[in-house]
Amino acid sequence: MTVHQNLIAGEWTGANGVENINPSDTNEVVGLYAQASVDDTKAAIAAAKAAFPAWSRSGIWERHVILKKAGDEIMARKDELGALLAREEGKTLPEAIGETIRASQIFEFFAGEALRLAGEVVPSVRPNIGVEITREGLGVIGIITPWNFPIAIPAWKIAPALCYGNTVVFKPAELVPACSWAIVDILHRAGLPKGVLNLVMGKGSVVGQTILDSPDVAGITFTGSTGTGKRVAAASVEHNRKFQLEMGGKNPMVVLDDADLTVAVEAAANSGFFSTGQRCTASSRLIVTEGIHDKFVAALTEKLKTLVVDNALKAGTHIGPVVDERQLKTDIDYIEIGKTEGAKLAFGGEVISRDTPGFYLQPTLFTEATNQMRISREEIFGPVVSVIRVKDYDEALATANDTPFGLSSGIATTSLKHATHFKRNSEAGMVMVNLPTAGVDFHVPFGGRKGSSYGPREQGKYAAEFYTTVKTAYTLA
Ligand code: ADP
């Protein structure tokens, strides 16, 4: 097998590759991927630093053309890249192709944004002076990504970074280097100058930490765990650099007595179990008012019986495997914790085997949970969901907001009054009415509050807040 190498200063480099294993079939090696050392990472940062002056002054047409070419190629190869994604991460093929299409759309969006860069010209409060307000790229951006969206998250960080004139050192998650390698290869062939985008695959403790410790990295955008996010924050404060964090969630989905039962069940099943519950916007807390509680639990349980857990590439699979053995152990540990805490296991809970060896777990539903249990407070990141019974809307809202996190939230209701009140009072960055808590557009802001996020929003035109710095220039007429 050929080794997929790192890209440093425009050259592919690195010899010994580690295996990328398919969680749907652990006998399958998806590919071999080089591991960058501390010195490789430092060389990548130096290359990005050297490339910044020219790239930050490059024409907007050049940036547009490269980003557009990348978007077009990803779309043209959506089936092949989607299959690669499904093989390395384990989400189902339709989900993986959908994510690939989204990555393409993000590049198309920022190709357009490159042509819309603009500033402001305003009068000075002093006579005969003009004031211009413009945005400039920050410099070298460190991009550190997680395993759960192997192509969309790299796309939504790399595309705006390049659009606004930054250069990049990109470190993908250890478990899913294949899609990252593919989009770096696409951008490289699309004509990026040497050093503008550098790929350094490898360990967080080696590659990631070197990025954190470098005084030459002007900004870090990170998506991953709360623990690592705190390290990114501490190191960034030390270096007086800008940083942006997307971390965990414990997203509530409220179901009110007046909800359309079908809508509520579809939204809850999607929120909790699709993509194997491995989305930071997944909902693992279903907060249900007592009038609809029993009907809702019965209907959701019936729905779970119809969901097929199997190999991600198999037609008809609804839920792919858990991403790896470590995450499967975490999920099983939380199922045990839920039982010990006194929640009732209403469905699932078992590891299952399929034709191919993989990390298959039944969708798991707890009922009679309280919001104080660990399964209601801590992010599990698996197909494990709890139902919390509440008296009325007021208790539902208070319970929904009683969490250290604040990424997304949802409500199923036919009441305009409650929907409006919830949109206004839910302490989350993204609020969904009669929709799953996960599944967002690519052209509008993404992000949360409280323990979920730090810094400006990602995606859409709001991305400029992180990837640029503002300059105010005064000229005597
Ligand atoms: P998860 O538990 O979901 O894998 P992590 O926060 O560990 O979440 O991983 C998210 C990303 O952060 C990965 O690319 C990982 O390699 C990286 N990472 C882990 N440890 C560090 C670190 N000390 N410094 C920088 N990046 C790190």
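Biologist: How far apart do the C-alpha centres of domain 1 and domain 2 lie?

Modeller: The C-alpha centres of domain 1 and domain 2 lie 31 Å apart, where domain 1 covers 3–247 + 452–476 and domain 2 covers 251–433, with bounds from an automatic or database domain assignment. The model is predicted, with local features needing pLDDT of at least 70 and side-chain atom pairs pLDDT 80 or more, while totals for chains, interfaces and linings use all residues. Residues are numbered from 1 along each chain as its sequence is written, and side-chain values use heavy atoms, without hydrogens or water.

Biologist: How many residues of domain 1 are in contact with domain 2?

Modeller: Contact means heavy atoms within 4.5 Å, and by that rule 24 residues of domain 1 touch 27 residues of domain 2.

Biologist: At what angle do helix α3 and helix α4 pack?

Modeller: Helices (H or I, at least four residues) and strands (E, at least two) are DSSP runs numbered from the N terminus, and angles run from 0 to 180 degrees between the N-to-C directions of axes fitted to C-alpha atoms, for helices over the stretch in contact. Helix α3 (residues 78–89) and helix α4 (residues 93–115) pack at about 120 degrees, with their axes 8 Å apart, which makes α3 oblique to α4; under 35 degrees counts as roughly parallel, over 145 as roughly antiparallel, 65 to 115 as roughly perpendicular, and the rest as oblique. Among the residues making this contact are Leu-81 and Leu-85 of α3, together with Ile-97 and Ile-101 of α4.

Biologist: Which residues of α4 and α5 make their contact?

Modeller: The axes of α4 and helix α5 (residues 152–163) come within 9 Å and cross at roughly 10 degrees, so that α4 is roughly parallel to α5. The contact includes Ile-106, Phe-107 and Phe-110 from α4, and Trp-156, Ile-158 and Cys-163 from α5.

Biologist: How many bridges join β6 and β7?

Modeller: β6 pairs with strand β7 (residues 129–137) over four bridges in the antiparallel sense, and Val-122 stands opposite Val-131 in β7.

Notes:
Two strands pair if DSSP finds at least two bridges between them.
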